[in-house]
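Here is a short report on one protein model. Read it with the structure open beside you.

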Amino acid sequence: ARLCSLIFSLLLFFAVLGITSNIANRPTALVSLVLLSLSPSLIPLSISVLSEPSYVAVIYAGMWLFFAQYKDPEYWKSALLGIIFAAAFLNRVEGIVFLAAIPFLQGLHYFFEKDRKYNLKHYLVWCSIFASVFSLLAIPQIVHVSSKMESPAINGRVAWQAVVGVEDGRSDREKLYGLDYSESIVNIKYARKHYSEIHRDTDFSISRLINKAKNIIINYKKIYHEILGKVIGPLGFIFFGFGMLSLYASKKGFELLFILSFICFNLVAPLHQSTVGTRHILVLLPIFYILEGIGIIYLVNFLVTENRWFEKFRHAMPAIFTAILVLATAHTLKNVIVHPRTSSVAYDPEELREPMRIISDISTNESIGSPVIVSKTRFISYFSGSGHFYIPFTDYSGLLKYLRLNNADFLYLTYRGLGDHPFLNEFSTDSINNEFELLYRKPDKQGMPIELYRFKG
């Protein structure tokens with residue numbers, strides 16, 4: 001999985017090179033690639049076990065092909081674009097926006113450029129081919145998911161959205177892992193199996209629409225003031241602005257509109273998240289670095305033109321400005337390079353090793369075919385070949401009933417992220433000894449407890 005992420009990151013590198021060379025030139029592309037390669041947000045992504053590296057790379061590979069053909073669009077390239085962006089959708093559901101985005105972006109060129117080489121009929125056929133190929137690849141997944149959820153759905157994530165979309169003051173974790181619909185099935189799992197029932201409970205209403213609008217505004221403020229301010233920074237925004245000015249000054253109106261439209265389309269999904277984070281806007285970072293590279297070269301040329309004194313520094317200034325941008329993130333970059341993360345945020349193989357050994361020994365000695373583990377994530381069950389159920393958000397009596405109904409053998413508690421679960425208070429006392437046997441206890445790297453219990457039933 002990490003190798004795949006690295007390969008897709010290399011694809012992203014060459015895609016950014018191709019896009020920047022189409023918009024500007026090779027020197028500009030070099031600056032953009034340095035910024036991309038030294039991005040504190042993208043370096044960890046290049047070896048992560050996540051879907052984002054492949055999604056971002058596929059999107060920019062599609063943009064690379066789009067820029068190579070938009071002036072003279074051919075039908076076979078439209079079909080190839082349909083395949084690429086359908087693959088992005090099959091990877092992550094937000095890729096669905098490109099079903100509308102690509103025809104819109106090609107339409108921008110058709111209506112904006114006077115010297116186009118194709119007519120309206122050609123444009124409409126090109127769009128039809130793209131939409132047909134995209135749909136041909138996407139529909140089987142939509143049909144499969146819809147049949148599983150017994151309701152029209154483009155992705156299983158709609159169940160997640162239906163559950164967390166209820167505005168009742170509870171945390172997302174309580175909504176997802178509560179036992180509101182069944183004593184033995186957490187809400188998110190129940191919603192995936194009975195989506196039509198959950199969907200009816202969260203039907204459209206004016207209050208939901210107002211709450212959704214409020215959430216979009218909150219997410220927009222967080223993206224603009226916090227996330228982009230952190231990953232791009234004030235200097236990055238300044239050079240981004242110079243990049244936009246460069247495109248305007250060089251009469252590249254279509255390219256400017258394309259980039260602004262691309263950013264808007266890719267903000268649709270993050271704005272609709274219940275809680276937006278840096279991961280949700282990673283797809284925007286390469287386009288920001290492209291604009292920053294263009295802005296740096298534009299500023300250098302402007303300074304040389306306005307004052308001949310700068311001529312002697314013409315070749316050094318791009319490196320100087322690039323270094324300043326990189327140094328602005330030096331502290332974060334140092335942590336990423338000098339102290340790279342050796343494990344996932346969600347799990348650490350070292351933390352799992354001993355609990356897995358204990359489970360394996362007990363299962364072998366007691367001839368338990370496939371033990372059932374209740375835990376916050378599936379990792380320990382996956383790596384040990386065990387059955388799995390999620391830890392429910394409930395009180396102690398609810399937990400006991402949940403474990404009995406699911407025939408659980410072990411309870412694996414990682415306190416990081418479980419701080420507000422009601423049943424945890426009982427585990428700080430001796431009152432659980434009748435139902436649980438403590439098999440393992442050790443702090444994780446952050447000092448939070450990890451505990452493995454045998455459930456006595």
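## Terms and basis

A residue is buried under 20% relative accessible area, exposed over 50%, and partly exposed in between (1.4 Å probe, protein chains only). This is a predicted model: local features need pLDDT of at least 70, side-chain atom pairs count only at pLDDT 80 or more, and totals for chains, interfaces and linings use all residues. Residues are numbered from 1 along each chain as its sequence is written, and side-chain values use heavy atoms, leaving out hydrogens and water.

## Aromatic pairs

F104 is partly exposed, at 39% relative accessible area. The structure holds 40 aromatic pairs. Rings of Phe, Tyr and Trp (its six-membered ring) pair if their centres lie within 6.5 Å; planes under 30 degrees apart are stacked, over 60 edge-to-face, the rest tilted.

The ring centres of F104 and F265 are 5.5 Å apart and the planes stand at 65°, so this pair is edge-to-face. F104 lies in helix 5 (residues 98-112) and F265 in helix 13 (residues 253-271), so the pair ties together parts 161 residues apart in sequence. Helices (H or I, at least four residues) and strands (E, at least two) are DSSP runs, numbered from the N terminus.

An open sheet has five strands in the order 2-1-3-5-4, with mixed pairing. Strands pair if DSSP finds at least two bridges between them. Strand 2 (387-390) and strand 4 (436-443) stand at the edges, each with a single partner strand, so one side of each has no neighbour in the sheet.

Strand 1 (residues 372-375) and strand 2 run parallel, joined by four bridges. I373 stands opposite H388 in strand 2.
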